[in-house]
Amino acid sequence: METRHQEGRKGPLRRDVPPVVGLLLSMALMNALLYLCLDWLFILPPRSVGEPRHCPHGHFRMGQMSNCSPWLSCEQLRTEVRQMKRVGEGAVKRVFLSEWKERKVALSRLTRLEMKDDFLHGLRMLKSLQSKHVVTLLGFCEDDSTILTEYHPLGSLSNLEEALSLPRYQSINTWQHRLQLALDYVGIINFLHNSPLGTLVMCDSSDLPKTLSQYLLTANFSIVLNDLDALPLVNHSSGALVKCGHRELQGDFVAPEQLWPYGEDVPFQDDLMPVYDEKIDIWKIPDVSSFLLGHVEGSDMVRFHLFDIHKACKSQTPAERPTTQDILDTYQNVLNLLRDTATSQTREML
């Protein structure tokens, strides 16, 4: 009787799930999670950049600042900014790592008086072109020939490979992020060619190292223009074209129209050198982009898809070269195409 009573109290029999079924369920769940995460893996994360344009003209905001502040005056630069060590020097200015209200900043000082016109031209450009494409201006003092800008510890764009070798950035050493840098670069040239001041030409670009030194690499891995000392204005309506400097230029990096056209038998004379327009910047884009793409997995595939637009950039006839907007559109289309292809292929493997 006792036995029957105990059996009557028993519920339905438990059936253990076979291990293979549990394994299959786990794999299915993992695949579902991977599928949902693919967009995160292949779509570039949004950049949290505090853009100077979000402040009224004459004001700035950087880093974690919640409010915009007016550009610092001569008196504030003299009393509130502590100069620390020199971190760079060019023909026009020396740059010092400095400190303002416990924030690292870059203080630029004129190197010598004969370069003051170039220095002041760069300052005028910096004031007029504040945007996400240009380093943030914090203050200036014409009397002391000083300019204060946001400090970017990664330094110039020429430090790209060194920066990508740091543990913090190794995970973004991919063709996607490198192509995004190329988009940033072309975006800056497009901004200059369509600036509020008119069509500006990037003249400080006689070779690749010189060109890279004009840009800074930010901590969130974007590019900003830093050196605006040589940005002459082109006006096609009035026929005003430009010449970059007064010396003879040589090499394959500069555009053909920048080379002395009269052969070796005729000595170079600046007044005989023909003028040119913004299409010289287009000629140089493929070389800068190739540097930015580097030699990581997938970069050769990017180069293959950019071959036609880069070939057009190298046209011997300036008028036949594409516009910066044409190049931007092509770069964005290639980024979207290759990203979607990589996403689709990975999903098919799951």
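Me: Which residues form a nonpolar patch on the surface here?
Reply: In this predicted model, the nonpolar surface patch is formed by Tyr262, Val266 and Leu272, which together have about 250 Å² of accessible area.

Me: Where is leucine 272 found?
Reply: Leucine 272 is found in the loop between strand E11 (233-234) and helix H8 (279-293).

Me: And is leucine 272 buried, exposed or partly exposed?
Reply: Leucine 272 has a relative accessible area of 39%, so it counts as partly exposed.

Me: Switching to cysteines, how many disulfides are there?
Reply: The count comes to three disulfides, and with the bonded cysteines counted along the chain they follow the pattern 1-2, 3-4, 5-6.

Me: OK, what does cysteine 55 pair with?
Reply: Cysteine 55 is joined to cysteine 68 by a disulfide, with an S to S distance of 2.0 Å. The two cysteines sit in distant parts of the chain, 13 residues apart, with cysteine 55 in the loop between helix H2 (19-42) and strand E1 (59-60) and cysteine 68 in the loop between E1 and strand E2 (69-70).

Me: Why is the disulfide of cysteine 55 and cysteine 68 left-handed?
Reply: The torsion about the S-S bond of cysteine 55 and cysteine 68 is about -85°, and the disulfide is therefore left-handed.

Me: How accessible are the two ends of that pair?
Reply: Cysteine 55 counts as buried because its relative accessibility is 7%, where buried means under 20%. Cysteine 68, at 27% relative accessibility, counts as partly exposed.

Me: What about cysteine 74, which cysteine is it joined to?
Reply: A disulfide joins cysteine 74 to cysteine 141, with the sulfurs 2.1 Å apart. This pair also links distant parts of the chain, since cysteine 74 is in helix H3 (residues 74-80) and cysteine 141 is in strand E6 (residues 137-141), 67 residues apart. The torsion about the S-S bond of cysteine 74 and cysteine 141 is about 100°, so this disulfide is right-handed, and cysteine 141 is buried with a relative accessible area of 1%.

Me: And where are cysteine 203 and cysteine 244?
Reply: Cysteine 203 and cysteine 244 are joined by a disulfide with an S to S distance of 1.9 Å. The torsion about their S-S bond is about -75°, which makes the disulfide left-handed. As for location, cysteine 203 lies in the loop between strand E8 (199-200) and helix H7 (208-212), while cysteine 244 lies in the loop between E11 and H8, 41 residues apart. Both cysteine 203 and cysteine 244 are buried.

Me: Moving on to pockets, what volume does the largest pocket have?
Reply: The largest pocket has a volume of about 1,300 Å³. Its lining is made up of 49 residues, and those nearest its centre are Asp204, Lys210, Gln214, Asp227 and Asp229.

Me: Which elements give two or more residues to that lining?
Reply: Those elements are strand E3 (81-89), strand E4 (93-100), strand E5 (103-110), helix H4 (116-128) and strand E7 (146-150). H4 gives the most to the lining of the largest pocket, with five residues.

Me: Are aspartate 229 and lysine 93 buried or exposed?
Reply: Aspartate 229 counts as buried at 11% relative accessibility, and lysine 93 is buried as well, with a relative accessible area of 14%.

Me: How many salt bridges does the whole structure have?
Reply: A search of the whole structure finds twelve salt bridges. Among them is the one between arginine 82 and glutamate 99, whose closest N and O atoms are 3.0 Å apart. Arginine 82 is in strand E3 and glutamate 99 in strand E4, 17 residues apart. Arginine 82 is partly exposed, with a relative accessible area of 47%, and glutamate 99 counts as partly exposed at 23%.

Me: Last one, which residues are linked in a network of salt bridges?
Reply: The network links Arg86, Glu89 and Arg94. Within it, arginine 86 forms a salt bridge with glutamate 89, the closest N and O atoms being 2.9 Å apart, and glutamate 89 is partly exposed, with a relative accessible area of 47%.

Key: Residues numbered from 1 in each chain as written. Predicted model: local features only at pLDDT ≥ 70, side-chain atom pairs only at ≥ 80, totals over all residues. Heavy atoms only, no water. Patch = residues over 30% accessible without salt bridge, like charges linked within 9 Å, V, L, I, M, F, W, Y side chains within 5 Å. Areas by Shrake-Rupley, 256 points an atom, 1.4 Å probe, with all protein chains shown as cover. Salt bridge = Lys/Arg side-chain N within 4 Å of Asp/Glu carboxyl O. Helix = DSSP H or I, 4+ residues; strand = E, 2+ residues; numbered from the N terminus. Buried < 20%, exposed > 50% of the residue type's maximum accessible area, 1.4 Å probe, protein only. Disulfide = S-S within 2.5 Å. 1 Å grid on protein atoms, 1.4 Å probe; cavity = no way out; pocket = protein on both sides within 12 Å on 5 of 7 lines; lining within 4 Å. Points joined across faces, edges and corners; volume = space filled by probe spheres on them.
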